[in-house]
Amino acid sequence: MSAEPAGGGLRAAFAAGRFAVTAEIGPPRGADAEAVTRKAELLRGWVDAANVTDNQGANARMSSLAGSLLAQRAGVEPVMQLTCRDRNRLALQSDLLAAGALGIPNVLLLTGDHPRFGDHPEAKPVFDLDGVQLVWTARTLRDDGVLISGRAVSPRPAWSIGTVENPFAPPLGFRARRLAKKVAAGAEFVQTQYVFDFDIFERWMADLRDLGVTERCKIIAGVGPIRSLRALEYMRTSVPGVHVPDHVDRRLRGVPADRVAEEGIQMCVETVQRLATIPDVAGVHLMALGYEHGVPDILRRAGVPRPPTALSDHNRHHSMEGIGHAR
Amino acid sequence: MGFDERNAPGGGWPRPVIPRIGARLSYALHPFLATNPVYRRVGAWLERRQRTYRWFTRAERVAKEQLYGCRMCGQCALPDTGYTCPMTCPKQLRNGPCGGVSASGRCEVHPDLVCVWVTAIERAQGGGHGADLDLLQRPVDHRAWDRSSWVNYWQGRDDGLGVAPGPDDPRPLLRRELGLSPR
């Protein structure tokens, strides 16, 4: 198992009360280890951890487990995403055990997009468990050392459990309670859908405080730069659950075409800065979608300090020892 | 090549159903089906008689299909979901809506239909049963498909389907784990 990184990493950030930063690494469509390593190297030293997505948007990619391992080798703490879309309860539990065995420090458990949105719309949607049940399964696996079947596992995995929530999807009044349910089931941190609408977001945060959820769960707000009008249109119409309010639309359309990218980045910077002022927001999750090289720039401009010693060289070699034989 | 599910409404993924019977009436009818020693014995008797059991199950299917769009998962969640069947969700989510519900409350998979959980939450809260939504619904036992959920329920097989994980405290998960009562 890789050693707990001194100062860097998600758990350390939460423990220290430091504003956490996570980003995203989408594994490639191809047996290309370098693609993951390249993205990880762009993020190394700038983020506490990076999500490794699981067949994002229901498109077939390299598995999140392999991607997490590659990211870890490249010195970036992974958050392994795991969805209920492609696996039944046996496969989910075996991947959770595998993540534990390989020392992957965080898992992010979600229901997942429906296959109809991806490159294999004819696939069988599994959804044997839902996101809440998967969180609960992970917690009992880790804390009680039992599978859904009741059989004991030994040794137990040690990852932290994350999940997702979309504060902007109806029914708005129920979204905080839905997260409360996931927290009751075992989630320790949550990453949200893109925050563009602060009115809704702050109302959701207030609901979470009322329910006592913020004492039990770290809230990481999702952000990302919209760098073209095409991307804006795509976000508005083709990504399930993304809510882009009109003022964002007006702002991006109100600048000359060659300034849209910069305006989108500036808007993202301002969003990060504003989120940092909201009580109980523990960090941001930067979904840069192909703009990984811009992550340091956004963080620098937003004034977010770099993680203290995000996986030092020493730790990197240490974590490589355990898996070096796999080469 | 390829096949567009929108042109094939009969097949494919589950489609959200708006129940044909009000939530209040459903809650009012529940006592007539609630477990009691007589029903438990009737259930056991039915299970010993395959032919009768099949007829009974067929009657249950017709009634619940017409009223709720029931898909016969055999472990009925209706009493906990404002009498709105979660198995008609294309993802068959038993613990609340996914994050893909559109701004107008439509299903992400069937944009022409209202999300079944939007309906469920309205009905549960409207009927004064909002707290039911905080129950943790356990994973479905897929061996129970096409079996009578009424018989299963009378036989006590649904006990613990929608409560806290832990037999010591039957209160809803939220209140047990977080020490709060939902609003």
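Where in chain A is Pro171(A) found? Select Pro171(A) in your viewer, and you will see that this residue sits in the loop between E5 and H6 of chain A. Keep in mind from this stop onwards that what you are looking at is a predicted model.

**Where the two chains meet**

**An enclosed helix and its surroundings**

Select residues 64–73 of chain A, which form helix H3, and notice that 9 of its 10 residues are buried, so this helix is largely enclosed by the rest of the structure. Among the buried residues are Leu65(A), Leu69(A) and Leu70(A), and they also include Gln72(A) and Arg73(A). Following H3(A) comes Gly75(A), which has a positive phi, near 90 degrees.

Then step back to the loop between strand E2 (49–52) and H3 of chain A, and pick out Ala58(A). This residue has a positive phi of about 60 degrees, although it is not a glycine, and Ala58(A) counts as buried because it has 21 C-beta neighbours inside 10 Å, where 20 or more are required.

**A pair of crossing helices**

Select helix H10 (residues 260–276) and helix H11 (residues 295–302) of chain A together, and look at how their axes come within 9 Å and cross at roughly 50 degrees, which means that H10(A) is oblique to H11(A). The crossing of H10(A) past H11(A) is right-handed. To see the contact itself, show Ile265(A), Cys268(A), Val269(A), Val272(A) and Gln273(A) in H10(A), which meet Ile298(A), Arg301(A) and Ala302(A) in H11(A); by class, the residues of this contact divide into 6 nonpolar, 1 polar and 1 charged.

**Over to chain B**

Go to helix H3 (residues 50–68) of chain B and select Tyr53(B), which is found there. Is Tyr53(B) buried or partly exposed? Tyr53(B) counts as partly exposed, because it has 17 C-beta neighbours inside 10 Å. Leaving aside residues up to four places away in sequence, Tyr53(B) touches Leu46(B), Glu47(B) and Ser148(B).

From there, move to the loop between H3 and helix H4 (116–126) of chain B and select Met72(B), a residue that has a positive phi of about 60 degrees although it is not a glycine. Met72(B) is partly exposed, with 17 other C-beta atoms within 10 Å.

Finally, colour chain A by pLDDT, which averages 91 over the chain, with 92% of the residues scoring at least 70. Over residues 1–6 of chain A, however, the pLDDT is below 50, and residues 310–327 of chain A also have a pLDDT below 50.

Definitions and conventions: Residues numbered from 1 in each chain as written. Chains lettered and ligands numbered in written order. Predicted model: local features only at pLDDT ≥ 70, side-chain atom pairs only at ≥ 80, totals over all residues. Axes fitted to C-alpha atoms, helices over the stretch in contact; angles between N-to-C directions. Helix = DSSP H or I, 4+ residues; strand = E, 2+ residues; numbered from the N terminus. Parallel < 35°, antiparallel > 145°, perpendicular 65-115°, else oblique. Left-handed = near helix turned anticlockwise from the far one by under 90°. Contact = placed C-beta atoms within 7 Å. Nonpolar A, V, L, I, M, F, W, Y, C, P; charged D, E, K, R; others polar. Buried ≥ 20, exposed ≤ 12 C-beta atoms within 10 Å, placed from the backbone. pLDDT = per-residue confidence, 0-100.
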